[in-house]
Amino acid sequence: MKLFWKNQLPLLLFYLLQMLLVPVLYWISGENRPLSIVLYGMLISSVILLLYLCYRYIQHRRLYAVLSLQQEPSSKDHLAPLGDSPLPEAVNELMQRMDRHYQEQLNMHVTRMDQHIVFMNRWVHQMKTPLSVIQLTLQDLEDDAAASIQEEVERLRKGLEMVIYTSRLERFEEDFQVEALLLRQTVSAAVSENRRLFIRRGIHAEIRVDPDLSVYSDAKWLMFMLSQLLTNAVNYTSGSGKTVIITAERQGLDTVLKIADQGIGITPEDLKRVFNPYFTGERGRQYHESTGMGLYLVREICARLGHQVKLESRVQEGTTVQIIFSGAAQR
């Protein structure tokens with residue numbers, strides 16, 4: 001209604017000017033008409049104007065409601081007719097043309113993104129083959145140079161893995177399967193996958209998880225999350241002889257998995273931003289190990305799987321990351 005009156009304001013001003021000119025014209029012309037007659041004529045004109053405005057408002061009611069956001073169009077009827085008069089029909093036709101143009105641009109963008117993701121996935125898989133060959137070749141060598149190359153190859157492998165999981169995140173709903181998983185078995189597999197990193201850094205992994213404890217999750221995505229958290233725990237632990245402790249416990253219907261390290265910790269000003277993409281923080285810049293994507297991916301995957309992730313840290317004391325499996329099942 002407010003928009004309608006704003007639109008009719010020029011008409012009302014011109015009408016008011018006209019009503020002021022009518023008695024002036026009568027006076028200039030010398031016609032001594034009674035004031036009651038003049039006022040009566042002005043009243044009739046006002047009633048006619050009011051009827052016209054009511055008709056125009058009823059005719060354009062839906063158009064004004066949409067334009068003033070009093071009626072939010074849904075996805076189903078956002079291009080529904082706005083009225084039968086020429087103006088709403090013209091506006092609706094314009095919206096349809098704009099929508100078609102938007103849909104064409106959107107489809108083009110989606111197609112390009114799909115092609116880009118397919119290319120990345122194929123490229124990553126192609127790169128995995130030579131890396132596997134290099135790793136097998138290095139197993140027969142025992143000198144320091146081979147160990148150094150092995151470490152760099154491992155970094156490449158993890159980097160490629162992060163690329164492919166990041167691309168899959170856009171199509172997450174097409175690539176996950178929730179099932180009951182034995183938590184200790186999954187954690188052990190993640191530690192075993194990163195055993196070279198633990199050995200190379202001289203860090204011990206201690207698993208304190210009940211063998212019978214199970215949770216509902218996706219095996220592949222959970223393994224990726226655990227691998228990211230374990231890699232962070234090792235990379236940000238300075239010195240050898242320290243321990244990464246993995247525990248799990250029941251809290252009501254939930255199961256809480258904790259990964260605690262004895263590393264350098266995270267500064268208080270960085271704690272609120274560690275889950276932001278590409279954020280490395282003060283510690284990441286010091287150690288040059290962080291890509292800023294690991295914790296971001298963990299948070300995004302947890303959100304899609306219905307889990308929660310929390311992080312606590314103290315500088316020079318260590319970091320504890322919790323994954324909370326809501327309403328997890330137990331065998």
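Helix H8 passes helix H11 in a left-handed crossing; left-handed means that the near helix is turned anticlockwise from the far one by less than a right angle. Helices are DSSP runs of H or I with at least four residues, numbered from the N terminus. The model is predicted: local features need pLDDT of at least 70, side-chain atom pairs count only at pLDDT 80 or more, and totals for chains, interfaces and linings use all residues. Residues are numbered from 1 along each chain as its sequence is written, and side-chain values use heavy atoms, with hydrogens and water left out.

The axes of H8 and H11 (residues 294-305) come within 10 Å and cross at roughly 150°. Axes are lines fitted to C-alpha atoms, for helices over the stretch in contact, with angles from 0 to 180 degrees between N-to-C directions. H8 is therefore roughly antiparallel to H11 (an angle over 145 degrees). Contact means heavy atoms within 4.5 Å. On H8 it involves Trp-221, Phe-224, Met-225, Gln-228, Leu-229 and Asn-232. The H11 side includes Leu-295, Val-298 and Ile-301.

The largest nonpolar core has 54 residues. Such a core is a set of buried Ala, Val, Leu, Ile, Met, Phe, Trp, Tyr and Cys residues joined through side-chain atoms within 4.5 Å; buried means under 20% relative accessible area with a 1.4 Å probe, protein chains only. Leu-183, Ile-246 and Leu-257 have the most contacts inside this core. Its largest share, ten residues, comes from H8 (residues 219-235).

The buried residues of helix H4 include Pro-88, Ile-117 and Leu-138. They pack against helix H3 (61-67) and helix H5 (144-169).

Definitions and conventions: Buried < 20%, exposed > 50% of the residue type's maximum accessible area, 1.4 Å probe, protein only. Helix = DSSP H or I, 4+ residues; strand = E, 2+ residues; numbered from the N terminus. Parallel < 35°, antiparallel > 145°, perpendicular 65-115°, else oblique.
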